[in-house]
Amino acid sequence: MKEKSKARIDGRTNDQLRPIEAKIGVVSRADGSAVFKIGKTIAYAAVYGPRALHPKFLQNPEKGILRCNYNMMSFSGSGERVKPGPTRRSREISMVTEKALVPVLSLEQYPNAVVDVYVELLQTDSGTRCAGISAAAMALADAGIPMKDLISSVSVGLVNGNSVVDLTKEEEDSEGAVDIALAVMPRKKEVTLLQLDGILSKDQLRKTLELGIKACEQIYKIQQNTLKEKYKNE
Amino acid sequence: MGELLIKDKEIVTPGQVLAVGMDYLPAQNSFREGDKVISSVIGITNVSGRLIRIISLRGKYSPKEGDTVIGKILDMSFNNWFVDIDCAADAVLSMREVSEFVERGADLSQYYTFGDIILVGVSKVTRSAIELSMRGPGLRKLFGGVLLKVNPSKVPRIIGKQGSMINTIKDSTGCKISVGQNGFVWIQGEPEKELIAVDIINLISKEAHKEGLTDKITGLLQEKLGKQNEREKQSKD
């Protein structure tokens, strides 16, 4: 027997993602939008632009800029009410979302413009920044912004010393768990986001990342199919 | 040896590999990376010979010289109007590019003012600015009527081959219709017929990729106009 097939708290195997559901065009007034559900986590992303950027000192005459905003809705947690408005945490995640997405965007043809991405979380159960990035990538594609690739994102980590993908809140909070947020450009397998929380060995990290990149490929297929499906029906 | 990985008229997503090898060349909305040709937008493929083109299904209007667009006056300075043509940057209409003679130091709002809708040509596109011109046949301020917005990628279908589609709608409804390349459509005519034209144009933009659309639209127009005529007769009786 392989070690892989050992069941986790919710009965999944180590390399199994939670059930994923995705949809395009969910925000009618946005230029592009998407929803990405993974397990109990639900992320909405809306893209506006490219449009003129104000105030002027933020403009870049060489190419357009990307502005991301990550927000957890006040009712999104499983326990207490999440205090609305920007926090240290949400500011940081907005920043890493932007840094994860910018490498695939070709904004050279939109000087002095901005592309705004709003990521809203309606319900959360771990892996929110990853769900947000996956949703945002689809929304950007839906907005017709030239991209070199999509971005697929998933959380990976170590639970009870085993490498696993897509941790739930329960797993994340368990003793000695390691949580890694990972975003990948699926075609070239280049990593655009890697945030690690916990202690693990080099070998374990290598093995876990390998597992994560494979999971990202699965997510990429779902993203691609969702995008194609919408325009087939339209 | 090059290998084509997609069929003609297939829907592709950004980052999808379209062809391998140097035999194929990236054209519109695609790019080369190593020996691969890759799509950069979501769109429909168009393979002609060695060229692979992607016709974008989404996205904002990208202005081109010579286009006719419909815009809204946003702001004005001493010698320019700033016009919103719904693209990534604001467009500028200089007072020298207007068909009327504008005296130096005149109040520009006497000619066009905030919120006016104008049919205007794109005269010059540079990295820093989009310049507009009102000099040309049919370019003018639009009074009354209805304005609707469709996706700019559907505009060729609304116009049809040599204007066949738009002329069909114009002739049968008797409405004046102007289509801007930026996706704005302006319609003016009898109120009921205006509504019919709006419905028809919305339908075209929804089913733009389907075949046999002209026949369907012609049929639908006759049906709708017939119903309306009946209603008019009844109200007269």
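These questions and answers walk through a predicted model with chains A and B.

Reader: In the open sheet of chain A, which are the edge strands?
Author: This sheet has four strands in the order 7-6-8-9, with antiparallel pairing. An edge strand pairs on one side only. That picks out strand 7 (162-165) and strand 9 (190-197) of chain A.

Reader: Which residue stands opposite A:Val164?
Author: A:Val164 belongs to strand 7 of chain A. Strand 6 (residues 152-159) of chain A runs antiparallel to strand 7 of chain A, and four bridges join them. The residue opposite A:Val164 is A:Gly157.

Reader: What angle does the direction of helix 2 of chain A make with that of strand 6 of chain A?
Author: Helix 2 (residues 128-142) packs on the sheet and touches strand 6, strand 8 and strand 9 of chain A. Its direction makes an angle with that of strand 6 of chain A of about 160°.

Reader: Why is strand 17 of chain B largely enclosed by the rest of the structure?
Author: A residue counts as buried if 20 or more other C-beta atoms lie within 10 Å of its own. Strand 17 (residues 184-188) of chain B has five residues. It is largely enclosed because the number of them that are buried is four.

Reader: In the hairpin of strand 16 and strand 17 of chain B, which residue takes a positive phi?
Author: Strand 16 (residues 176-179) and strand 17 of chain B pair in the antiparallel sense over four bridges. Four residues lie between the strands. The residue with a positive phi, near 100°, is B:Gly183.

Reader: How many residues of chain A are in contact with chain B?
Author: Chain B brings 16 residues to this contact. By class, they are seven nonpolar, five polar and four charged. On the side of chain A, the number is 24.

Note on methods. Residues numbered from 1 in each chain as written. Chains lettered and ligands numbered in written order. Predicted model: local features only at pLDDT ≥ 70, side-chain atom pairs only at ≥ 80, totals over all residues. Contact = placed C-beta atoms within 7 Å. Nonpolar A, V, L, I, M, F, W, Y, C, P; charged D, E, K, R; others polar. Pairing = 2+ DSSP bridges. Helix = DSSP H or I, 4+ residues; strand = E, 2+ residues; numbered from the N terminus. Axes fitted to C-alpha atoms, helices over the stretch in contact; angles between N-to-C directions. Buried ≥ 20, exposed ≤ 12 C-beta atoms within 10 Å, placed from the backbone.
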